[in-house]
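Here is a briefing on one protein chain, written for reading beside its coordinates. Keep the viewer open and check each item as it comes.

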Amino acid sequence: MEEQNINNTGMQNREVIDLREVFKKIWKRKKLFIWVWIITTIVSAALILPVPRTYTTDLTLAPEMGGDMAGGGLASLASTFGINMSNMETNDAFYPELYPDVIATNTFIVDLFDVPVVSLDGEINTDYYTYLKDYQQETAYMVPVKWLKNQILSIFKKENNRPVAATEDGKKDPRMLSEEDNGIAEIIRSHISCSVDKKTMVISIAVEDQDAKICADIADSVRVRLQNFITDYRTNKARGDLEHYRQLRDSAYIEYQDAMAAYSNYSDSHQNTILQYYLSQRDELENAVQMKLQTYTAMSTQFEAAKAKVQERTPAFTILKAATVPFKPTYPKRVIFVGAMLIISTMIVVAWIFKQEIVAQLTHLK
């Protein structure tokens with residue numbers, strides 16, 4: 001029993017690390033650490049400084065939800081448990097959870113190509129497509145790597161003879177983009193992120209870019225286009241009904257005008273007649289005028305009701321947080337990167353200094 005205690009005590013003594021000895025060994029190599037830190041700082045700074053800075057701005061938007069407001073209390077209670085009842089309260093097939101998918105579509109992305117942008121210093125004044133194509137800064141030491149990659153890919157690249165289509169208004173057709181246009185669309189898609197809070201249905205939009213002002217401008221453009229998309233969807237049927245009643249009203253007005261003209265011409269040409277036949281014809285034309293007038297009045301009423309329906313179906317949006325021009329870049333974190341590299345290099349030097357002790361400990365454990 002005493003031998004076992006002595007063995008356990010000996011093992012514990014061997015496992016105790018003498019920090020004073022550790023610091024003594026490190027202090028003896030202090031010049032090595034200084035040189036390693038200097039070299040690490042220079043190398044890490046040379047790696048991180050050429051990386052172009054990017055800025056990020058975000059905004060939050062709360063759209064008006066459709067549905068019966070009577071169930072609002074129950075929906076609020078259910079939302080605390082992560083249950084979304086808004087879809088049960090509305091007949092809309094387009095749920096807020098689908099908004100990120102809408103922003104990611106080619107139709108939405110291509111619509112951003114023509115957005116005018118101006119840089120913070122005012123030197124760049126163009127559209128967003130040209131800005132991403134011609135004014136993007138690249139990491140200096142990655143330029144030859146990218147060039148070599150493109151040269152290698154061009155050898156194995158097949159010629160693409162697919163025609164490039166355009167829409168009726170002259171814009172690029174999102175269904176058939178060129179390879180270059182598709183690349184720009186992918187860049188925009190990677191710069192924009194959208195999420196929807198399932199409990200509150202608040203939409204969060206974040207945009208990153210190399211220019212702080214352009215970043216905020218694109219965020220606002222995304223918000224406006226998403227609002228227009230939601231509004232167009234919510235009012236689609238109501239606007240169709242409005243156009244239908246507009247046509248009926250205009251047609252009824254034309255018919256009323258024609259009937260009124262026929263009645264006026266007949267009355268003017270038969271002012272002194274006393275024959276019952278002509279009087280009956282006049283009464284018949286007068287009745288036709290009254291019928292056309294009633295039809296026109298009814299269609300006008302329906303048209304006004306349809307206008308009110310469009311206004312009723314148009315959702316209201318509350319901007320909880322507006323897009324602002326950011327002051328500080330979000331990437332790269334230069335100080336953090338250099339600090340992390342210094343920590344890693346220090347750990348490597350310490351491991352190198354104590355490599356014999358580490359190997360001996362690993363051998364002992366085996």
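The notes below go from the whole chain to single residues.

This is a predicted model: local features need pLDDT of at least 70, side-chain atom pairs count only at pLDDT 80 or more, and totals for chains, interfaces and linings use all residues. Residues are numbered from 1 along each chain as its sequence is written, and side-chain values use heavy atoms, with hydrogens and water left out.

**Overall make-up**

- The protein chain has 14 helices and six strands. Both are DSSP runs numbered from the N terminus: helices are H or I with at least four residues, strands are E with at least two.
- Of the 366 residues, 28% count as buried. Buried means under 20% relative accessible area, exposed means over 50%, and partly exposed lies in between (1.4 Å probe, protein chains only).
- Accessible areas come from the Shrake-Rupley method with a 1.4 Å probe; for residues, only the protein chains shown count as cover.
- Take the contacts between residues at least 6 apart in sequence: 75% of them join residues at least 24 apart. Contact means heavy atoms within 4.5 Å.

**Nonpolar surface patch**

- A nonpolar surface patch covers about 1,000 Å². Its members include Ile34, Trp35, Trp37, Ile39, Tyr141 and Met142.
- Patches are made of residues with over 30% relative accessible area and no salt bridge; like charges are joined within 9 Å, and nonpolar side chains (Val, Leu, Ile, Met, Phe, Trp, Tyr) within 5 Å.
- Helix H3 (residues 30–48) gives the largest share of the patch, eight residues.
- Ile39 sits in helix H3. Ile39 counts as partly exposed because its relative accessibility is 49%.

**Leu59 in strand E1**

- Leu59 lies in strand E1 (residues 55–63). It is classed as buried because its relative accessible area is 1%.
- Leu59 and Ala322 are 263 residues apart in sequence, yet 5.1 Å apart in space, C-alpha to C-alpha.
- Beyond its neighbours within four places in sequence, Leu59 has contacts that include Ile203, Ile205, Ala219, Arg223 and Ala322.

**Asp181 and its partners**

- Asp181 belongs to helix H9 (residues 179–191). Asp181 is buried, since its relative accessible area is 3%.
- Its side chain has a polar contact of 2.4 Å with the side chain of Tyr129. A polar contact is a pair of N or O atoms within 3.5 Å; within protein, one must be able to donate a hydrogen and the other to accept it, and residues adjacent in sequence count only if both atoms are side-chain atoms.
- Lys172 forms a salt bridge with Asp181, with the closest N and O atoms 3.4 Å apart. Lys172 counts as partly exposed because its relative accessibility is 33%.
- Setting aside residues up to four places away in sequence, Asp181 touches Phe113, Tyr129 and Lys172.

**Salt bridges within helices**

- The count comes to 14 salt bridges. The rule asks for a side-chain nitrogen of Lys or Arg within 4 Å of a carboxyl oxygen of Asp or Glu.
- Asp241 and Lys237 meet in a salt bridge (3.2 Å, N to O). Both lie in helix H11 (residues 236–269), four residues apart, about one turn of the helix.
- An α-helix has 3.6 residues a turn, so residues three or four places apart point the same way.
- Asp241 is partly exposed at 32% relative accessibility, and Lys237 is exposed at 64%.
- Lys309 and Glu312 form another salt bridge, with closest N and O atoms 4.0 Å apart. This pair lies in helix H12 (residues 276–313), three residues apart.

- Helix H10 (residues 212–234) has 23 residues and reaches 33 Å from its first C-alpha to its last, close to the 33 Å expected at 1.5 Å a residue. The expected span is 1.5 Å times one less than the number of residues.
- Asp211 caps the N-terminal end of H10, with a side-chain oxygen 3.1 Å from the backbone nitrogen of Lys213.
- Tyr331 and Pro332 are joined by a cis peptide bond, with omega about -5°. Pro332 is in the loop between strand E6 (317–321) and helix H13 (334–353).
- Met201 is not a glycine, yet has a positive phi of about 65°. Met201 falls in the loop between strand E4 (192–196) and strand E5 (203–209).
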